[in-house]
Amino acid sequence: MYPLLSIKNLSINFDDKGNAIKAVDSISLNVEKGKITALVGESGSGKSVTALSVLKLLPGNTNISGNIFFSPDGSQQIDLGNLSQKDIKEIRGNKIAMIFQEPMTSLNPVLTCGWQVMETLMAHQKLSRKKARERTIKLFTQVELPDPAAMVNRYPHQVSGGQKQRVMIAMAISCNPDLLIADEPTTALDVSVQKSILELIKRIQVQNELGVLLITHDLGLVADVADSIAVMYKSKIVEEGNAMEVLKNPRHNYTKALLACRPAANVKGKRLPVINDFSENKNIVATTAN
Ligand code: ADP
Ligand code: MG
């Protein structure tokens, strides 16, 4: 396999009334074709800004340096940062799809779930209304929505949060993208639903041979599905590598802290440690670990 997405020395600053806010500081990371890279870090560490930069979705007051190479077939490399808004529009949705934390804000409440996917198919794939409906039912079956044919006619408020995220996943994969960027796809959902959505993303990733950039603050949650892990702390990547190795043998204090902040299944009644327990005592330094 080959790197589908290769971010090199990416730095992102916002100009806030003359003050520069450093949101991303010289990070590099890869997403391989057919693999999941998890980008993990606490809130505010720069994960979403990184994701949005890939699709040129950041506002005008943003200074970006570095390269974001996208290689859908492994040979030709497109530097996404150099594309015009018109060219990136061709890639958005068609070759790179994105899902967000809050499916309710991404779905239009006055349109049925099915229609929103059909519209995408009619616009991007030029399918007829009838064909788009058939394909939407197939997609709803693939994302394991109950009674897919009936689900097409439901409005977003008539389905559960987990089901809305399934509709979003169906929409994201409707145009057969190569890369899926999922930014905290389970954070707004009940704990019991989180795992099933993650398992669905994993299944679809395998079925469709997708590369996935899976963004989360919950390192334990992605442990079972990620192939590689990049840990982001205060706008830098402090540790990265094969998922098994990072989880078994975390080298950076911050990674250890993220792992320790998960409740253990067999220990009851103790206060969970928080990131500060680690940073105050052990002085986390935001530099690359190796
Ligand atoms: P994460 O997704 O890891 O929680 P973000 O990538 O959203 O974090 O944010 C990283 C940093 O960039 C934060 O300090 C945030 O306040 C800042 N930031 C994000 N978007 C903007 C913006 N449009 N203008 C100014 N600062 C921003
Ligand atoms: Mg975020």
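How many aromatic pairs does the count come to? I get 1 aromatic pair, where rings of Phe, Tyr and Trp (its six-membered ring) pair if their centres lie within 6.5 Å.

**Ground rules**

I note that this is a predicted model, in which local features need pLDDT of at least 70, side-chain atom pairs count only at pLDDT 80 or more, and totals for chains, interfaces and linings use all residues. Residues are numbered from 1 along each chain as its sequence is written, chains are lettered from A and ligands numbered from 1 in the order in which they are written, and side-chain values use heavy atoms, with hydrogens and water left out.

**Entry: the ring pair**

I looked up the two rings. Those of Y233 and Y254 have centres 4.2 Å apart and planes at 35°, so the pair is tilted (under 30 degrees counts as stacked, over 60 as edge-to-face, the rest as tilted). The pair links distant parts of the chain, 21 residues apart: Y233 is in strand β9 (residues 228–233) and Y254 in helix α11 (residues 253–260). Helices (H or I, at least four residues) and strands (E, at least two) are DSSP runs, numbered from the N terminus.

I then checked burial, where buried means under 20% relative accessible area, exposed over 50%, and partly exposed in between (1.4 Å probe, protein chains only). Y233 counts as buried at 5% relative accessibility, and Y254 counts as buried at 0%.

**Entry: the sheet**

I traced an open sheet of 4 strands in the order β2-β1-β4-β5, with antiparallel pairing. β2 and β5 (78–79) stand at the edges with a single partner strand each, so one side of each is left without a neighbour in the sheet. Two strands pair if DSSP finds at least two bridges between them. As background, strands of a sheet pair through backbone hydrogen bonds, either parallel or antiparallel.

Strand β1 (residues 3–16) is joined to strand β2 (residues 19–32) by 10 bridges, and L10 stands opposite I27 in β2. Between β1 and strand β4 (residues 62–70) I find 8 bridges, also antiparallel; here S6 stands opposite F69 in β4.

**Entry: positive phi values**

- K17 takes a positive phi near 45° in the hairpin of β1 and β2, which has 2 residues between the strands.
- S26 is not a glycine, yet has a positive phi of about 50°. S26 lies in strand β2 and is partly exposed, with a relative accessible area of 39%.
- K56, which follows α1, has a positive phi near 55°.
- E184 has a positive phi near 50°. I place E184 in the loop between β7 (179–183) and α8 (191–207), and E184 is buried, with a relative accessible area of 8%.

Is helix α1 (residues 47–54) mostly covered or mostly exposed? I find α1 mostly covered, with 6 of its 8 residues buried. The buried residues in α1 are K47, V49, T50, A51, S53 and V54.

In helix α8 I looked at Q205, which counts as buried at 2% relative accessibility. Q205 and K195 are 10 residues apart in sequence and 15 Å apart in space, C-alpha to C-alpha.

**Entry: the largest pocket**

The largest pocket holds about 410 Å³ of space. On a 1 Å grid over the protein atoms alone, a pocket is an open set of points where a 1.4 Å probe fits, with protein on both sides within 12 Å along at least five of seven lines; lining residues have an atom within 4 Å of a point. Of the 18 lining residues, R92, G93, A97, M98 and M171 are the closest to the centre of the pocket.

Which elements each supply at least two residues of the lining? They are β6 (96–99), α4 (113–124) and α7 (161–173), and β6 gives the most, with 4 residues. I also noted that domain 1 (1–95 + 177–250) and domain 2 (110–175) each give at least three residues to the lining; the bounds come from an automatic or database domain assignment.

Note on methods: Points joined across faces, edges and corners; volume = space filled by probe spheres on them.
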